[in-house]
Amino acid sequence: MRANKEAMGPPPQTTLSDEELAHFRALIRTKRDDAIAEIRNLTHQIEDSRDSAENDSAYSFHMADAGTDAMEREKLYLMLARLRKFVGYLDRALERIENKTYGICKVTGHPIAKERLEAVPHTEISIEAKLNQQRGR
């Protein structure tokens, strides 16, 4: 497979200008900063919930309340995992900006529409590729 990649040559370079790349870099960094802040917030909520559960006695509330609290903690963990995954996508988008491969569909090799990049700045695929993925399901 490695020989195959070498035979294909370098990845296509972006068609976006340096100013457009700077715009998307700023947009992605803002989304990343917001996600990191939300991760901190969720982490504090989880810690508070855990502390509260440890300090309560078995008789301090009803079983249904305990179940609700457990479900809320589980929801927080799922949200935290999703945000961490999102930050990973944003980090990869920043790497593509630095490599000058941002805005190129990894499936088709064609430029991704700027409108799509505005809506989903961490995307790696074009609308065409996304629609084909959905049809293939």
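1. Helices in this note are DSSP runs of H or I spanning at least four residues, and they are numbered from the N terminus. With that convention, lysine 100 is placed in the loop between H3 and H4. The model under discussion is a predicted one.

2. Overall architecture. The chain holds five helices and zero strands. Followed along the sequence, its pattern reads α-α-α-α-α. Of its 137 residues, 24% count as buried. The accessible surface of the chain amounts to about 9800 Å², and carbon and sulfur atoms account for 53% of that area. When contacts between residues at least 6 apart in sequence are considered, 67% of them join residues at least 24 apart.

3. Confidence. The average pLDDT of the chain is 85, and 79% of the residues score at least 70. Among the elements, H4 has the highest mean pLDDT, 96, whereas helix H1 (residues 2-8) has the lowest, 46. Residues 1-7 have a pLDDT below 50, and this stretch makes zero contacts in the model beyond near neighbours in sequence.

4. The aromatic pair. The count of aromatic pairs comes to one. Its members are phenylalanine 24 and tyrosine 102, with ring centres 5.5 Å apart and planes at 45°. Planes under 30 degrees apart would count as stacked and those over 60 as edge-to-face, so the pair at 45° is classed as tilted. Phenylalanine 24 belongs to helix H2 (residues 18-55), while tyrosine 102 sits in the loop between helix H3 (63-99) and helix H4 (114-119); the pair therefore ties together parts that are 78 residues apart in sequence.

5. The cut-off for a buried residue is a relative accessible area under 20%. Phenylalanine 24, at 3%, therefore counts as buried. Tyrosine 102 has a relative accessibility of 0%, so this residue also counts as buried.

6. The largest nonpolar core. This core has 14 residues, and those touching the most other members are Leu16, Phe24, Ile28, Ile97, Tyr102 and Leu117. Both residues of the aromatic pair, Phe24 and Tyr102, are thus in that group. The elements contributing two or more residues to the core are H2 and H3. H3 contributes the most, with four residues.

7. Leaving aside residues up to four places away in sequence, leucine 117 touches Leu16, Phe24, Leu27, Tyr102, Gly103, Ile112 and Thr123. Its partners therefore include both Phe24 and Tyr102, whose rings form the tilted pair.

8. Lysine 100. Most residues other than glycine have a negative phi. Lysine 100 has a relative accessible area of 32% and is therefore partly exposed.

9. Alanine 113. This residue also lies in the loop between H3 and H4. Its relative accessible area is 40%, so alanine 113 is partly exposed. Alanine 113 and serine 126 are separated by 13 residues in sequence, and their C-alpha atoms lie 7.1 Å apart in space.

Methods
Residues are numbered from 1 along each chain as its sequence is written. This is a predicted model: local features need pLDDT of at least 70, side-chain atom pairs count only at pLDDT 80 or more; totals for chains, interfaces and linings use all residues. Side-chain values use heavy atoms; hydrogens and water are left out. Rings of Phe, Tyr and Trp (its six-membered ring) pair if their centres lie within 6.5 Å; planes under 30 degrees apart count as stacked, over 60 as edge-to-face and the rest as tilted. Buried means under 20% relative accessible area, exposed over 50%, partly exposed in between (1.4 Å probe, protein chains only). A nonpolar core is a set of buried Ala, Val, Leu, Ile, Met, Phe, Trp, Tyr and Cys residues joined through side-chain atoms within 4.5 Å. Contact means heavy atoms within 4.5 Å. Accessible areas come from the Shrake-Rupley method with a 1.4 Å probe; for residues, only the protein chains shown count as cover. pLDDT is the predictor's confidence in each residue, from 0 to 100.
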